[in-house]
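Please keep the sequence and the model in view while reading the points below.

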Amino acid sequence: MGIAAHPRRCGVKYTPWPKRDPVRNYFQLPNEIFLLGLPPGALAVYSYLLCCENRKTYQCWPSYKNIGRAVRMSANTVRKYVCELEERQLISTESTMVTTKAGLKRNGNLLYTIRPIQLALDQFYNQQLAQMDVTVERQRVAKALALRSDSAHSA
C-alpha cells in the first residue's frame, strides 16, 4: 500500500496540503507595484529583496550573484534592475565594507533599504503629469502652426 493509505507511518501525520502560517515563510508584495509598469525582471528582483528584508529595519544585503541565482538572471542583469528600482525610488542602496581575516578591507554587498511604495507612486504620477503637460503643449503648438499655415495659404 502507498503512503496515503498509511498516514501515520513513521509517526508523521500525512496532510495533502500543509498548514500555511500567514506570517512565516511569506512576504507581502504591495498591490500598487503593478501600477508602476515595471518590467518583469525588475519585479522579480524587487520581490526577492522584499523576501529577504528584515521586517523591522526594511533592509537586506544579498549579493548580485545570490539575487541572480534566486531569480535566474546574471549578476549584470540584476545590477541593471537594481539601478532601475533605485531610479523609481522603490529601494535605496549603500555600499558596505568587510574586513578579511588578514585585516584587509574589501567592498561588501550592497545594503538595500526597501522604501515606502508611496514615494515611487508619487514620482511615477508626477512623471506622468509632466509628460501629459508636454503632450498638451505639443498639440497646442501644432494647432497654432496649422492655423498659421492655413491663413497663409488663403491670403
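Helices, of at least four residues, and strands, of at least two, are DSSP runs numbered from the N terminus. The model shown is predicted. From the N terminus on, its elements follow the order α-β-α-α-β-β-β-β-α, which amounts to four helices and five strands.

**Overall organisation**

- The protein has 155 residues, and 23% of them count as buried.
- Among contacts with a separation of 6 or more, 53% are between residues 24 or more positions apart.

- V45 is located in helix α1.
- Because its relative accessible area is 0%, V45 is classed as buried.
- Apart from its neighbours within four places in sequence, V45 is in contact with I67, V71, M73, Y81, V82 and L85.
- Although V45 and R79 are 34 residues apart in sequence, their C-alpha atoms are 9.5 Å apart in space.

**I91 and T113**

- Setting aside neighbours within four places in sequence, I91 is in contact with Y46, L49, V82, L85, E86, Y112, T113, I114 and R115.
- T113 is part of strand β5.
- T113 counts as buried because its relative accessibility is 17%, and the cut-off for buried is under 20%.
- Beyond its neighbours within four places in sequence, T113 is in contact with Y58, Q59, L90, I91, S92 and E94.
- The side chains of T113 and Q59 are also joined by a polar contact of 3.1 Å.

**The cavity**

- How many cavities of 30 Å³ or more does a search of the whole structure find? The search finds one.
- The volume of the largest cavity is about 40 Å³.
- Its lining is formed by L36, R88, A120, Q123, F124 and Q127.
- By class, this lining of the largest cavity consists of three nonpolar, two polar and one charged residues.

**Two loop residues with positive phi**

- R72 is placed in the loop between α2 and α3.
- R72 is not a glycine, yet its phi is positive, at about 60°.
- Is R72 buried or exposed? R72 counts as exposed because its relative accessibility is 75%.
- Q89 is found in the loop between α3 and β2 (91-94).
- Q89, likewise a residue other than glycine, has a positive phi near 65°.
- Q89 is classed as partly exposed because its relative accessible area is 28%.

Notes: Residues numbered from 1 in each chain as written. Predicted model: local features only at pLDDT ≥ 70, side-chain atom pairs only at ≥ 80, totals over all residues. Heavy atoms only, no water. 1 Å grid on protein atoms, 1.4 Å probe; cavity = no way out; pocket = protein on both sides within 12 Å on 5 of 7 lines; lining within 4 Å. Points joined across faces, edges and corners; volume = space filled by probe spheres on them. Nonpolar A, V, L, I, M, F, W, Y, C, P; charged D, E, K, R; others polar. Contact = heavy atoms within 4.5 Å. Buried < 20%, exposed > 50% of the residue type's maximum accessible area, 1.4 Å probe, protein only. Polar contact = N/O pair within 3.5 Å; in protein donor to acceptor, adjacent residues only side chain to side chain.
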